[in-house]
Amino acid sequence: MDKKKWILVGSLAGILAIVLTLLFWPNSKESNDKSLASEEAPFIPIEFLNEDPQWAIARVDSMSLDEKLNHLIIQKIQTNQDSLGDFGGYYFSALLPQQLAKIYPQLKDSVQPLLGMSVQSMFNSLNDSSAIQVLASNGHQSHDELRTYLEHVVDYYGINYLDFGWTRMTQDQFYAGLSRVLDKKFDAWQDSLHQRHCLLSYSVPSVSDTVFQDSLQAYLTQYVNKGFAMFNPNSYSEQTKRLLSELDFKGLKILEWDTSQTIKELTIPDAIISKTPHELHAKLKTLHENGTLSEAEINAKVARLLLARKWAMSNPNAHHSKQTARYFDLQAQYLSRKLQRNAITLVNNNRSLIPLAGIPDKIDLVRIGEPIKSIYAGLSRYATVNTHAYKNNLNKIPWKNLGKRTTVIAINIDSVHYLNDSIFQTQLRELQSRCQLVVINGSGIEALGNLNDLNTLIHLPTSSEYEWNFAGQMIFGGIEANGELAMNVGELKANSGKKTAKTRLAYGDPIDVGLDRDTLYAIRYIAEEGIRNRAYPGCQVLATKNGFLIHNGAYGYSSYRRQNKVNDAHIYDLASVTKVAATTMVAMKLYDEEKYGLYDSLEMYLPDSLKKHLFRGQSTLRHITFSELMTHQSGLPAGISYIQYVDYIKDSVGRFDRFYCDWEDDSLFYVPIADGVFMEKSYQDSIWVNLNQMWLRDTKNYLYSDANFVLLYKLMRHLLDGDERLVKMGRHEEERHYNAFERYLQEQIYRPLKMDRTVYLPRRYFSTDDIAPTEDDKFWRKQLVHGYVHDPTAALLGGISGNAGLFSTGKDMVKLFQMLLNGGYYGGTRFIQEETVQKFIRAQPGSHRGLGFNKPVGGGMYGIPEEVSTKTFGHTGFTGNSIWADPENEIIYVFLSNRSHPDAHNPKIINLGTRKRIHKSIYRAQITKDWLTPPEPELSDSLNVDQQLP
């Protein structure tokens, strides 16, 4: 290179160094700016300014003019765009992270380009609603989750540039929404994101009046002091130029450009975002050729951008994989739904109506304005709904016909002036005096000014179908109320909102609670595989997570005749699940009432009338305790010998003999055994006497035994026989129709829980079409057992026993076990003391079992996946049932089938591992146990993040 060229290069380098030195000179207003920063957010410098400029100069010197101009361009990626140009950065304004995975392999520069994402667009993509409204209506917990979500976008997607601006907003929006969000809830975000070497940007809105500009300048000054590296003005108006000049901002200035803008507007920013980068490149080249944009200025801008990119690449955690992309897609959906639920605001709850303590049989729903389908869906999960719909003519509302029952009025009109109608206002308040009235407002926050004195008022910030659905569920306690108002409305103050607790099951989608819908599809596959292999003709499978029923499947038919499809109302024989769903429930209730002690000897509870029938007047059971019965450590044998009671059949005539009669006799034979088979009542007494004369084993080591729970049932029934509460409920009925144990269960637990299809002896209440059949009994009953208990011991006791006999549906069982997960509380009613629930569900000293409940340790691991926590409790049933509740993961799993139809010895459900595999799939569907921890990346599909900077 000749001497003149060396002089030229040296001169350019000198000029560039001077320019860079001036640009990087410390902020002369630093002390003043620091005084304006909030106390919660200490000053953070624009750290990329401290990078080595000589490295950037060397990079710039090696580039051609076209390469330099490309480095000034940030390509705006469209939703359907698959390929990247060779530019200095890429801006994703309308994409969710899962769409980025196919783009990353195209990145070639050893210094990662600027990868920007609009936080506003991201939030809007999350929930299809106003980001300002949703954010301003949510509590701190949701904001913490949003911050964590953004941290993962930075860590796992290599996004190094997040734009926190809110474009095209009005001044009212700014004061009412944005300022509240950023002032109160943003500081923790920027600290953690800055530590991840993420360049933070703010989109400066267009300013027109001096008052608004002064207010905006105060906020922007704080962002300068918080370490924001970039400002992104909507336009370079004279006011904006003055504002940025007075801020003395040393970071990057980025402008979004489209073909409608003039060339002059492109002369100020350090980088330019464009949907048409190639056209922009030509414009920049023209500016350079006509002398408007000098090469020295280009060099300085490119060098600053390179230094920003070098600093932003210091985060080594970026992984870009299809697996991670899908993870973030699920997280986006999960977060979206949680945000919208938490934004629903209970404005007034003056009479504590919400959540409803009792569920009415029917409610009236009056819909005003645009159709709202999902409010009906939310309400009808709990009660029958009578709907009345009116577009805008409020005069047609039949006020006189309303007020007979609980009423919900859903308002969803565009023009709130309709609500000013005096007749409407008067009738609404008069209706409130006559019934339980809930008004839901989906017509914008301004409409609350006409409704704010109502006793029970709910506000929906975005009026989405999703919010309407869960507003209906909130009324019944399906979800809690957490929302707050975003701004003052009349006498209603910003940040106000009543809080309520979740008291009942909610009904939603798996993603509502962080479960992957696609993974849960395995439930259907496994269930139908069992049907195809004739492990059972049909089944019900239900799963809840965090108090949300997220899977309610009914598969197959009630029998192999394939004439009666299973639905969620079909009733199944629970077999040994009766031990926990009935006997243990009564045991817990009576324990709360101090009717017995767990370590009491049975001697003091056995009926005196027994003594005259027993050898030497003493029962062999007298030294057993209640705890030993419930943990199967009593020394009793595995079951009661029932063969002597079932082997009296004359095969020659096909008739029962001795103990039985094939018609019901009111005086003797009235114990139902099967269809057309009745046992003599007196033989039940002999079973009870024989039980009290059983020989006990030498040791009281664990042995699962039906006899334990038959005995518990007899003891509990004896304790309840004189209960005045039950006497008042019908003890005057004939003795043969009265069972204190059964009555207590219904009145104290099942009916208050609305478990309307949980009964003993279901043929008394339901058609056989509603009941799944069990075994075709060739030995004893000589018929298909249908609607009568399958278990022989329970059958001999008349179908009502402590070891078996209960029939139910999956939906009813989910309610019962949710009550237990809630610590004995459900729907506003305390059923069992929380201390009692915890005592019964935990493993007992010297045993792997709880009191009544099985546990997933020791011998209880059979048929339970390894993923369950040790706190899990539940039970299985011989007819093909499993019910498990996991307090740690807040998961309930219910599998009901009639695998014993028609052959009770059919082992295929065990051989296929059906119940365990379905149970396992629920845990596998969790996005992660802790959703803040993404899965390990697929490194083979990842960008090489170990590249060394030059």
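How many bridges pair β18 with strand β27, and in which sense do the two strands run? The legend to View 2 gives the answer. The model shown in every view is predicted.

**View 1. The whole chain.** The chain has 950 residues, and 58% of them are buried. Its secondary structure comes to 30 helices and 32 strands. Among contacts with a separation of 6 or more, 69% join residues 24 or more positions apart.

**View 2. An open sheet of 3 strands, in the order β18-β27-β24.** The pairing in this sheet is antiparallel. The edges are held by β18 (572-573) and β24 (759-760). Each of these has a single partner strand, so one side of each lacks a neighbour in the sheet. β18 and strand β27 (residues 806-808) are joined by 2 bridges and pair in the antiparallel sense. In this pair, Tyr572 stands opposite Ser808 of β27. Strands of a sheet pair through backbone hydrogen bonds, either parallel or antiparallel.

**View 3. An open sheet of 6 strands with mixed pairing.** The strand order is β9-β14-β13-β12-β10-β11. From one strand to the next, the twist averages 15°. Strand β10 (residues 362-369) runs parallel to β11, and 7 bridges join the two. Look for Arg367, which stands opposite Ala389 in β11. In a regular strand the side chains alternate between the two faces of the sheet.

**View 4. The hairpin of β30 and β31.** Strand β30 spans residues 873-877. Strand β31 spans residues 881-886. The two pair in the antiparallel sense over 5 bridges. Phe873 stands opposite Ala885 in β31. Between the strands lie 3 residues. Gly880 takes a positive phi near 110° in this hairpin. Is β30 mostly covered or mostly exposed? Mostly covered: 4 of its 5 residues are buried.

**View 5. Helix α3 crossing helix α13.** α3 covers residues 53-61, and α13 covers residues 295-312. Their axes come within 9 Å and cross at roughly 120°. The two helices are therefore oblique to each other. The crossing of α3 past α13 is right-handed. On the α3 side, the contact is made by Pro53, Trp55, Ala56, Arg59 and Val60. On the α13 side, Asn299, Val302, Ala303, Leu306, Leu307 and Lys310 take part. By class, this contact has 8 nonpolar, 1 polar and 2 charged residues.

View 6. Where does Phe831 sit? Its place is in the loop between β29 (829-830) and α28 (834-841). Phe831 has a relative accessible area of 3%, so this residue is buried; the cut-off for buried is under 20%. Which residues does Phe831 contact, leaving aside neighbours within four places in sequence? They are Lys589, Asp592, Gln748, Ile749, Pro752, Leu753, Met819, Gly824 and Tyr826. Asp592 lies 239 residues from Phe831 in sequence. In space, C-alpha to C-alpha, Phe831 and Asp592 are 9.7 Å apart.

Note on methods: Residues numbered from 1 in each chain as written. Predicted model: local features only at pLDDT ≥ 70, side-chain atom pairs only at ≥ 80, totals over all residues. Heavy atoms only, no water. Buried < 20%, exposed > 50% of the residue type's maximum accessible area, 1.4 Å probe, protein only. Pairing = 2+ DSSP bridges. Axes fitted to C-alpha atoms, helices over the stretch in contact; angles between N-to-C directions. Parallel < 35°, antiparallel > 145°, perpendicular 65-115°, else oblique. Left-handed = near helix turned anticlockwise from the far one by under 90°. Contact = heavy atoms within 4.5 Å. Nonpolar A, V, L, I, M, F, W, Y, C, P; charged D, E, K, R; others polar.
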